[in-house]
Amino acid sequence: MITINNEQTRRKMEIRYENLSPFELKNKLITLADKHHDTSLWSMLNAGRGNPNWIAATPREAFFTLGQFAIEETRRTWKDRDLAGMPQKEGIAERLKTYLELHPDAPGVNLLENALDFGANNLGFNPDAWVHELVDGIIGDNYPIPDRMLKHLEQVVHTYLIQEMCNQDPPSGHYDLFAVEGGTAAMCYIFDSLIANMLLSVGDKIALMVPTFTPYLEIPHLSRYQFEVVRINASEMDENGNHTWQYPDSELDQLKDPSIKALFTVNPSNPPSVAIKTESKNRLLEIVKNHNPKLMIITDDVYGTFVNGFRSLMADLPFNTLGVYSFSKYFGATGWRLGVIALHRDNVFDQLLQEFPDGKAEELAVRYESMSLHPRQLPFIDRMVADSRQVALNHTAGLSTPQQVQMGFFALFSLLDRENRYKKLTQEICRRRQELLFKGFGHNLPNDPCNAAYYSQIDLLIWAKQKYGNEFADYLQATYEPTDILFRLAEEASIVLLNGGGFGGPEWSIRTSLANLDDEAYGEIGKTVQKTFEKYAASWSELKEKH
């Protein structure tokens, strides 16, 4: 167990850990906070990691009830004690209907019935083919075929993305989807395939919209990439001197440089948790159209469902944008590892591949010749699927079929929730907690329709200037490390927050997850941060009196 005995020891520790990723620093803070190895609410408040403390129960109920039917189907085919067979397609939709009628009180029955009708009536699925894909998928007795994503479930998730990422107003055309093991896998596959397909090369110039999820800051500097990184800072301030976490035109205009080959963004951002405003998106559209038409954009939109009327860049700039969506946060499903990569069929990635000179194109064709008679024509998204399994194992690629079925039920659950009851509930949870946090801080919560309220990032240096003046802010910077308050909160109050500087934000900012603690914890965190901050002010006042 770590114990900090004095300020000198604390500062040495802060300097030692200042280069760690915030998520590694978090582990050190947890060791300090968990003094008695007791994780009850008031012994340790860990608001560091963004794992929600809610789950979407109904789509899970539907999943498990379907699983029971699926087992009956396997035993119907072949029953020999512990051994069963494979589910059969013919007549399976009618058998499921009968099963649900015989089990009207089974969990998730209504969602199951409505989901089957939605597939058949809204998406035009053959009932037996639709039900068989779900049943065979949940049993997991076959490799994923197609490997990119199961046929019917891809259409379901595509419809979900049109609703949630395009605000029901998609561009013309169609997106191809690649089901992956969460947003984490998506990031790995995208970076690797961009390099493998020479769309990016070691040392190339890329841009990051910051603050951002820490791995986007760290991955570009790995030896296999060594990208030159241009930061697009969310440095806009309001009339009161507070961060809006939006991007001024002067920052976005850096993207006019055509040597910047790719732009990576998390939208809404992490940790500010603010969606890019319409004016900035319009500016970006103008820049891409007139200055950098071959810019590859990768947008991670996991928090989009927490902003009403959200529109991803994949909707507004479909030709240039590859979209990443994870089901983890909205549905409380981080353990399921469910994500999807979306790429419009008319896209800059494929165009760039087709523009390669013959020598470069042939070199790449050799990489994929084992899986296609025409490897030069292979779309980028299919190359990603192959790259995810080192190409040679492409025939066993794909997200496990039970995972895809659960993903489908999450999507269907939202598509059938016509009144957005679940969305309103999750949004209310986050916004209520944000209000409690700000009330504890003694701050007014700004009304910002772009705010997802999944995290809160507060710049303590601005707070210091507003409350005590510039002289006090200068004292803080000269006397303490930016992470000092995090160590104090951990040891003295058993509260774990993360350093905003580790996300590419202001060094004196702190990041609080609003998703993973009970409501009352956030008021306590706000009050404790304020009391801890007042101790700095008291030390400063004493120093001024001595001089």
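Helices (H or I, at least four residues) and strands (E, at least two) are taken as DSSP runs and numbered from the N terminus, and on this basis the chain has 21 helices and 14 strands. The model is predicted, so that local features need pLDDT of at least 70 and side-chain atom pairs count only at pLDDT 80 or more, while totals for chains, interfaces and linings use all residues. Residues are numbered from 1 along each chain as its sequence is written, and side-chain values use heavy atoms, with hydrogens and water left out.

Along its principal axes the C-alpha trace spans about 90 × 60 × 40 Å. With buried defined as under 20% relative accessible area, exposed as over 50% and partly exposed as in between (1.4 Å probe, protein chains only), 57% of the 547 residues count as buried. Where contact means heavy atoms within 4.5 Å, 74% of the contacts between residues at least 6 apart in sequence join residues at least 24 apart.

A nonpolar core is a set of buried Ala, Val, Leu, Ile, Met, Phe, Trp, Tyr and Cys residues joined through side-chain atoms within 4.5 Å. The largest such core has 113 residues, and those with the most contacts inside it are Leu66, Leu194, Leu322, Phe327 and Phe331. Helix H16, residues 401-416, gives the most to this core, with eight residues. A second, separate core of 32 residues includes Leu45, Tyr475, Leu476 and Leu497. Leaving aside neighbours within four places in sequence, Leu322 is in contact with residues including Ile190, Ile297, Ile341, Leu343, Phe380 and Met384.

Ile341 also belongs to strand S10, where this residue stands opposite Phe178. Two strands pair if DSSP finds at least two bridges between them, and six bridges join strand S4 to S10 (residues 339-344) in an antiparallel arrangement. Strand S4 (residues 175-180) is mostly covered, six of its six residues being buried; Tyr175, Leu177 and Ala179 point one way from the strand, whereas Asp176, Phe178 and Val180 point the other way.

An open sheet is formed by three strands in the order S11-S14-S13, with antiparallel pairing. Strands S11 (455-459) and S13 (498-499) stand at the edges with a single partner strand each, so one side of each is left without a neighbour in the sheet. Five bridges pair S11 with S14 (residues 509-513), and Ile510 in S14 is the bridge partner of Ile458. Helix H17 (residues 421-441) lies across S11 and S14 and runs at about 25° to S11, the angle being taken on a scale from 0 to 180 degrees between N-to-C directions of axes fitted to C-alpha atoms, for helices over the stretch in contact. Ser456 lies in S11 and is buried, with a relative accessible area of 3%; not counting residues up to four places away in sequence, Ser456 touches residues including Pro271, Gln434, Phe438, Ile510 and Thr512.

The structure holds zero disulfides, a disulfide being a pair of cysteine sulfur atoms within 2.5 Å. For Cys430, the nearest cysteine sulfur, that of Cys450, is 16 Å away. Cys430 is buried, with a relative accessible area of 0%, whereas Cys188 is partly exposed, at 40%.
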